[in-house]
Amino acid sequence: MKECKIIIMGFGSVGQGIANAISLKKEMINEKYGVQLKVVAVADSSTSAICQDGLDEKLLIDIKKSEGKLSAYPDCGNNMSGIDVLDAVEYDLLMEATPTNIETAEPALSLTLKAFEQGKDVVTSNKGHLAIKFSEVIQAAEENGVEFKYEASVGGAMPIINFTRETLSSCGIKSIIGILNGTTNYILSRMTSEGSSYDITLRESQELGIAETDPTQDVEGIDAACKTVILANSLLGIDATYDDVTVEGISSITSQAIDLAKKDGYLIKLIAEVSQDNLKVSPRLVKKGSSYDVNGTLNMATIKTDLAGDITVMGLGAGSLETASAMLTDVISILKNKY
Ligand code: HSE
């Protein structure tokens, strides 16, 4: 039987979602694609659990929730983390879900490049390395002849990168405009529909596990700007980095501004625009009832194409299992290509 040995790096909301998704779907994957997924190592920021015979996904989640660290995993827990784990374990594929770091892109950048050097495929939900060094990372994957997939980095479970590349492969993409951050959409929706306060809804989004580890990345538009860069590079062929995006967040949007807009039939949304002339994230007025009128953690994007006209996609833009679903789909596509 074929086997795919997996390392999960990062064991917060997304990392735990990956373990959950694997546990729920590994039997289906085995039956349908003839490959047994085996989680051989999981690392959080300072500890890990390692077992070449495979770890129990549910137990990993239980241990992390109850003990706060993976070193408590019976017999397999230890104090190794990061790059050291990649050196210590025999594996085939890295699922990288460490927190996004927009300053240095670490630890995602080093982990990813190291895995490529080791000839391993990588699936990521991380945005930092893609937003600052997109072409460098893609080139490194190509040079090492490995697969690198990052659907989950934009829009969580909303299909956009693979969808546009594969299903819209006959089309040129002129622009993409949409809502690419679940946390701010959740905050703005709650402020609009229930008059909830900015601070309370921000705290709620942290409790729901949808906000970034540092939530200023969400509310200041940084997260949406990273996604803008990823779409610009991957779908429009624009060689952009984070510094090329004009960014304004939602932290100065008041309840009064939201009420005023509402009276005139408008909503305030954090909109990202990706085109050859414009890479921009900013709060904008959109018509109530338009395709931008999506609530909660939903994301949406209208893809303007040359042949097919406008195509709009929508889906849950954040969340543990939702984001993990996109990563597992990327894993399956690697299995189909390579195994
Ligand atoms: N914090 C992000 C969001 C998570 O709210 O959209 C998904 O990238």
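Analyst: Gladly! Helix α1 (residues 13–33) lies across β1, β2 and β5 (93–96), and runs at about 160 degrees to β2. Helices (H or I, at least four residues) and strands (E, at least two) are DSSP runs, numbered from the N terminus. Axes are lines fitted to C-alpha atoms, for helices over the stretch in contact (heavy atoms within 4.5 Å); angles run from 0 to 180 degrees between N-to-C directions. Helix α4 (residues 108–117) also packs on the sheet, touching β1, β5, β6 (121–124) and β7, and its direction makes about 170 degrees with that of β5.

User: Where do these values come from?

Analyst: This is a predicted model, in which local features need pLDDT of at least 70 and side-chain atom pairs count only at pLDDT 80 or more, while totals for chains, interfaces and linings use all residues. Residues are numbered from 1 along each chain as its sequence is written, and side-chain values use heavy atoms, leaving out hydrogens and water.

User: What makes β4 (77–78) and β7 (148–149) edge strands?

Analyst: The open sheet has 7 strands in the order β4-β3-β2-β1-β5-β6-β7, with mixed pairing. β4 and β7 each pair on one side only.

User: Why is F116 called buried?

Analyst: Buried means under 20% relative accessible area, exposed over 50%, and partly exposed in between (1.4 Å probe, protein chains only). F116 has 0% relative accessibility, so F116 counts as buried. F148, at 11%, is therefore buried too.

User: What makes F116 and F148 an edge-to-face pair?

Analyst: Rings of Phe, Tyr and Trp (its six-membered ring) pair if their centres lie within 6.5 Å; planes under 30 degrees apart count as stacked, over 60 as edge-to-face and the rest as tilted. F116 and F148 are 5.4 Å centre to centre with 80 degrees between the planes, so they are edge-to-face. The pair links helix α4 and strand β7, 32 residues apart in the chain.

User: And why is the pair of F148 and Y150 called tilted?

Analyst: Their ring centres are 5.5 Å apart and their planes stand at 40 degrees, so this pair is tilted. F116, F134, F148 and Y150 form one aromatic cluster.

Key
Pairing = 2+ DSSP bridges.
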